[in-house]
Amino acid sequence: MALDTSGILRFATFEVDLRAGELRKQGKRIKVQEQPFHVLTVLLRRPGEVVTREELRNQNWPPDTFVDFDNSLNTAINKLREALGDSADNPRFIETLPRRGYRFIAPVTAADGTTRGTWADAPARQHGRRIVATAAVVVLAAGIAGGLLWRARLARRLTEKDTIVLADFKNTTGDPVFNDTLKQGLRVQLEQSPFLNILSDQRVSEELHLMGRPKDERLTQDLARDLCQRVGSKAILSGSISYMGVHYVIGLNALSCASGDVLGSDQVEAESREHVLKALGEAATRIRRKLGESLSSIQRFDAPIEQVTTPSLQALQAFSLGMKNKNANSDAGSIPFFKRAIELDPNFASAYARLGASYSNLWQVTLANENFTKAFELRERVSERERFFFSFGYEASVIGDYEEAAQTLELWSQSYPRDSQPWTSLANIYMKTGRWDKAERYAQEALALDPKYGANYFNLASIYLALGRLDAANDIGRQAMTKLDESARLIPYWIAFLRQDARGMEEQINKNAGGPGEEDDLLLFAQSDTEAYRGRLANARNLSLRAVEVARAVGKESAAGWQVYAALRESEFGNQKQARASTEAGMKLAANWKIEAAAALGLARAGATPQAERIADELDKSFPMSTPLQRYWLPTIRAAIELKRGNATRAIDLLQRAVPYELGVSSPEELSTMYPVFIRGHAYLLAHKGKEAVAEFQKFIDYPGVVLNFPLGALARLGLARAYALEGDTAKSRAAYQDFLTLWKDADPDIPILQRAKAEYANLK
């Protein structure tokens, strides 16, 4: 009995519109050629039934068609499976019956709500005669039993949407080197799979906390099953290792969280301690097959465990301890363990990559890039998933090629569609380059994939700030605070600033301020920017100095950044001598491209053009592919140099390269707050083009969530006043001067730019 197939048929997440001739997945159209689509419609009309090859030929290939039918049908089926994400080895939709035909095995629902396609719905075959012999009954019973067994096995298999909780290994060997180490090795091995979805250690820790248990409690099989049911996972995978006198025995056991039924198990022997990891890898590969992953997927994503991690148990043990610290938001605590892992195995690629990531989170750019580079050089020794991570780290952080990095992330997201990391990083890249609408889409997808990761909330909240959606930013920012994301504490502070809520800013500072010796350099510098925004330069200097001291005490390269950024601020305020001295002091503390770029711009603005030009040339030579340098910083630095030389037209031309990226911002320690716009505005002032200058300085008024509390937002108001004066619009010029002077009503009186602004205002007719 066929379904009513006059309109739309649905199965799983797919929908087939027979009238329009379209296949859609979750509302999005999927491209399918005409012949495969016709084959699909034939199968869908008879779900659960065998459709012979001859029937398919008669309905889809007319008698007068001269083609290689067998090859054409095979190609059509392959294209269908590709479109549906199906597999011949482990079919979810189209089952092959050798030498007979095909059967659509998933339930199909018609427009009238009728659902067909379960085995119970398969029509009984009418035979020409009844067979009642005992042998026939036995065969029938055996067939029923076999069918039930087949269905039970099918039901036990996981799907791509199911998650797995990894329990800790039961170690009865008495050798502590296996504690945590084997679980870490198993996790890395299984995470190669785009099919299996392993619950993250961070999520496990959070759930244990909600259960009233220590976050680092070992997951026994019983505890893992309880946790599994709480989070809605499908299965737990536990492991064991024992010593049998002359060899080791490693076991893996996958259980259903709901029923406790065994979904798959494997046992393997290792002849010595040195062969345990290899044996574990072999068992992990077999368990993947038993849990439902296709053979083709395993063959593609199955690098040996000793290759994707390390052949050294001791190195893997150190690495697992490093990951424990990292997952507990302790990048500083993870570093000694990753270093130890590298000492034990100098070719441990993943240890270099994670060490680089920890340094990057601590703003140690030089050390981060050294380790990212080493990991990239060893990328052939890792899994496909790790290779994406290494390539991205190298492209984005070391050479700074954001376009290349974005391509790597797109490929990563396609190969591992459930991974949130490529989406998180894509959002970050588009934030850095000022493409906010695109950043929002990727940030939302990242948050949907991993609602437990704090950085996803911070990214989305920052995007909403840039787009002027303060209420949405506030809602997301509050959620970010619950995820223990360190950067999230700035969101409510910035919102209070944009709302001119001085009490709200003070509350956030008091809420996040540490005790003696526990001050936060990031918050201190944020406060210093706010003070400078209001012209209270002495207060800003004091806060900047404290930020530098706090950062230096813990060895952060950000100490140099705070020093150089404060110097850049001095140059904009007209304190050129102090700006040059502070820049030189900052560059003695540390040197990376971010610090050098800000230093070069500060020197150019302070009139030290030879030094600024030398640094810019060195950066250009060292980072020819860097998007932030080549498309943001270097055009801005060189335009600032030309301004000092009086070449306004040349400055404007140089800044053309920065136009697509001028609204970009990045992590809080980086200075990317519309500087190309600011310099272009001054170039138009120098060229006596008031209208064009107004348009540039107005951008600071239009995008307050991009510039935030950086002092250029205040100085742009002075730029507007000067631009309107050039146009001869005295009323608007006077209003802009008043706006700036009101903003700076409590400013330190000896700031050179303030003195000039007051004189200009007094002379305004």
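Me: Of the contacts with a separation of 6 or more, what share comes from residues 24 or more positions apart?
Reply: In the protein chain that share is 59%, with contact meaning heavy atoms within 4.5 Å. Keep in mind that this is a predicted model: local features need pLDDT of at least 70, side-chain atom pairs count only at pLDDT 80 or more, and totals for chains, interfaces and linings use all residues. Residues are numbered from 1 along each chain as its sequence is written, and side-chain values use heavy atoms, with hydrogens and water left out.

Me: How many helices and strands are there in the chain?
Reply: The protein chain has 36 helices and 14 strands. Those are DSSP runs numbered from the N terminus: helices are H or I with at least four residues, strands are E with at least two.

Me: What percentage of the residues is buried?
Reply: Of the 765 residues in the protein chain, 54% are buried. Buried means under 20% relative accessible area, exposed is over 50%, and partly exposed is in between (1.4 Å probe, protein chains only).

Me: Ok, helices. At what angle do helix 1 and helix 2 cross?
Reply: Roughly 120 degrees, with the axes of helix 1 (residues 34-45) and helix 2 (residues 53-60) coming within 10 Å. The axes are lines fitted to C-alpha atoms over the stretch in contact, and angles run from 0 to 180 degrees between N-to-C directions.

Me: Which residues make the contact there?
Reply: Helix 1 brings Gln35, His38, Val39 and Val42, while helix 2 brings Leu56, Gln59 and Asn60.

Me: Switching topic: where does Phe697 sit, and is it buried or exposed?
Reply: Phe697 lies in helix 32 (residues 690-702). Its relative accessibility is 0%, so Phe697 counts as buried.

Me: What does Phe697 touch?
Reply: Not counting residues up to four places away in sequence, Phe697 touches Phe678, Gly681, His682, Leu685, Ala716, Gly719 and Leu720. Phe697 and Leu718 are 21 residues apart in sequence, and their C-alpha atoms are 8.8 Å apart in space.

Me: And Gln307, why does that count as partly exposed?
Reply: Because Gln307 has 29% relative accessibility. Gln307 lies in helix 10 (residues 305-308).

Me: Which residues is Gln307 in contact with, beyond its neighbours within four places in sequence?
Reply: Glu380, Arg381 and Val382 are in contact with Gln307. The C-alpha atoms of Gln307 and Phe348 are separated by 8.7 Å, and these two residues are 41 residues apart along the chain.
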